[in-house]
Amino acid sequence: MSDTTDHPSAGLKRRSLLTGAAGILASGLAPAVHAQDKPVLRYLGTAVNQDKAIAEKFKADTGISIQYVAVTTDDVTKRAVTAPNSFDLIDTEFFSLKKIVPTGNLKGIDTRRIKNADKITSLFTTGTIAGKAVGDQGTAPKKVIFLEGEKSKAFAKSPTQFMSLIPTVYNADTLGIRPDLIKRPIESWAELLNPEFKGKTAILNIPSIGIMDAAMAVEAKGLHKYADKGNMSKAEIDLTIKTLIEAKRAGQFRALWKDFNESVNLMASGEVVIQSMWSPAVTAVRTKGIDCAFQPLKEGYRAWAAGFGLPATLAGRTQDAAYEFINWFLDGWAGAYLNRQGYYSAVLDTAKTRMEAYEWAYWMEGKPAARDIRSPNGEVLAKAGSVRDGGSYEQRMGGIACWNAVMDENEYMVRKWNEFVAA
């Protein structure tokens, strides 16, 4: 997902909670909110992350209601900076924290009140998968997940008791392809700019993500080696945009897409055979009976991650309810729900307990499906015998090259990106 926007984290489903109030009380965590005092939690985020099934399940388990406040990705950040009293829980991407945390409008989340804090995947806390470091260009979560204190405006350089966000959903993005139309192996991001596919490619028109996809292609072609694709110099931005404009004027791109459904339609129609794509969009094409692959590439993936944060002014019963929601979210049901949509959950251990063994084997271990794989709403996503694109969790998330980011030169980059769009 990505830069923000309307990533089809549509699946962000949450899960079953600690067993009610008793579970939280017994654990010595924040007291569960008493039934007669249940507040309504105002949940700020993008519509794609605000799932009705999650709110319904959480209320059934706890009696606490979720009121979704749906805005665009940019507006999530804007509200966090300008109107921190307008929400009780924020769902935002880690790259936005460099804009939000210095304002002091987020409070450090006390990990002593989070039952499964010590089980959050090491990808977030140490930047490793199975003991091996993953790429950390851009805003790798490990750089921004810890704060110096509850009221800190600065990120901590090593783990502390306080987290800026508790991770919710994350994934690693790559190119989507039509193998049936390309009819040869695709192994590199460089193919996005290969004239062989002139008029049959597309790139994501969200500047901060699109330029990183472009940089993956530029670097793969050997045109430039970036120090940090998530934080380019002006000269690197110029080079990247110049390359894109030249390709566009040569007719390389069929489209610059912004909308999830647009990416699905471009691929399903065959107008495009290779493009920036999100995993759920590839799945959507497949459900139409069309061959489409979320293609692992030798240079690696561009990753993204979102999480829950708390406004600095949160207190009392509402704060207790927010902590209860976060604990519920990490307790298994929501994680399993996310995993079944092709995303990944922050605490894998609890999600595993809510999934069938064959589901876990397909989604997380990269094994052939023993049975048809279905989405949470029952749609067949993969037939028995098929293997997940990108393989296991360790293979995909261990193959990250860079993370979504907001560059220091963001305003300049957006201006130059708009020149590309207008060219």
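Two residues are in contact here when they have heavy atoms within 4.5 Å of each other. Keep in mind that you're working with a predicted model.

**Exercise 1. Find out which residues Y170 touches, leaving out those up to four places away in sequence.**

Step 1: Now place Y170 in its surroundings. The largest nonpolar core has 78 residues, and Y170 is one of those touching the most other members, along with L123, F325, I326, Y393 and M397.
Step 2: Look beyond that core, and you'll find another one apart from it, with 36 residues, among them I245, A247, F253 and L256.

**Exercise 2. Describe the largest cavity and work out which elements give two or more residues to its lining.**

Step 1: Count the cavities of 30 Å³ or more: there are 3.
Step 2: Take the largest, which holds about 140 Å³ of space.
Step 3: Check its lining of 13 residues; S279, T283, R286, Y362 and W363 are the closest to the centre.
Step 4: The ones you want are α10 (279-286) and α14 (357-363), and α10 gives the largest share, 4 residues.
Step 5: Sort the lining by class, and you get 5 nonpolar, 4 polar and 4 charged residues.

**Exercise 3. Work out the strand order in the open sheet of 3 strands.**

Step 1: Find the edge strands, β5 (109-110) and β8 (146-147), each pairing on one side only.
Step 2: Join β5 to β9 (residues 162-163) through 2 bridges, running antiparallel; D110 has F162 as its bridge partner in β9.
Step 3: Write the order: β5-β9-β8, with antiparallel pairing.

How values were computed
Residues are numbered from 1 along each chain as its sequence is written. This is a predicted model: local features need pLDDT of at least 70, side-chain atom pairs count only at pLDDT 80 or more; totals for chains, interfaces and linings use all residues. Side-chain values use heavy atoms; hydrogens and water are left out. A nonpolar core is a set of buried Ala, Val, Leu, Ile, Met, Phe, Trp, Tyr and Cys residues joined through side-chain atoms within 4.5 Å. Buried means under 20% relative accessible area, exposed over 50%, partly exposed in between (1.4 Å probe, protein chains only). On a 1 Å grid over the protein atoms alone, a cavity is a set of points where a 1.4 Å probe fits but cannot get out, and a pocket is an open set with protein on both sides within 12 Å along at least five of seven lines; lining residues have an atom within 4 Å of a point. Grid points are joined across faces, edges and corners, and a volume is the space filled by probe spheres set on the points. Ala, Val, Leu, Ile, Met, Phe, Trp, Tyr, Cys and Pro count as nonpolar, Asp, Glu, Lys and Arg as charged, and the others, Gly among them, as polar. Two strands pair if DSSP finds at least two bridges between them.
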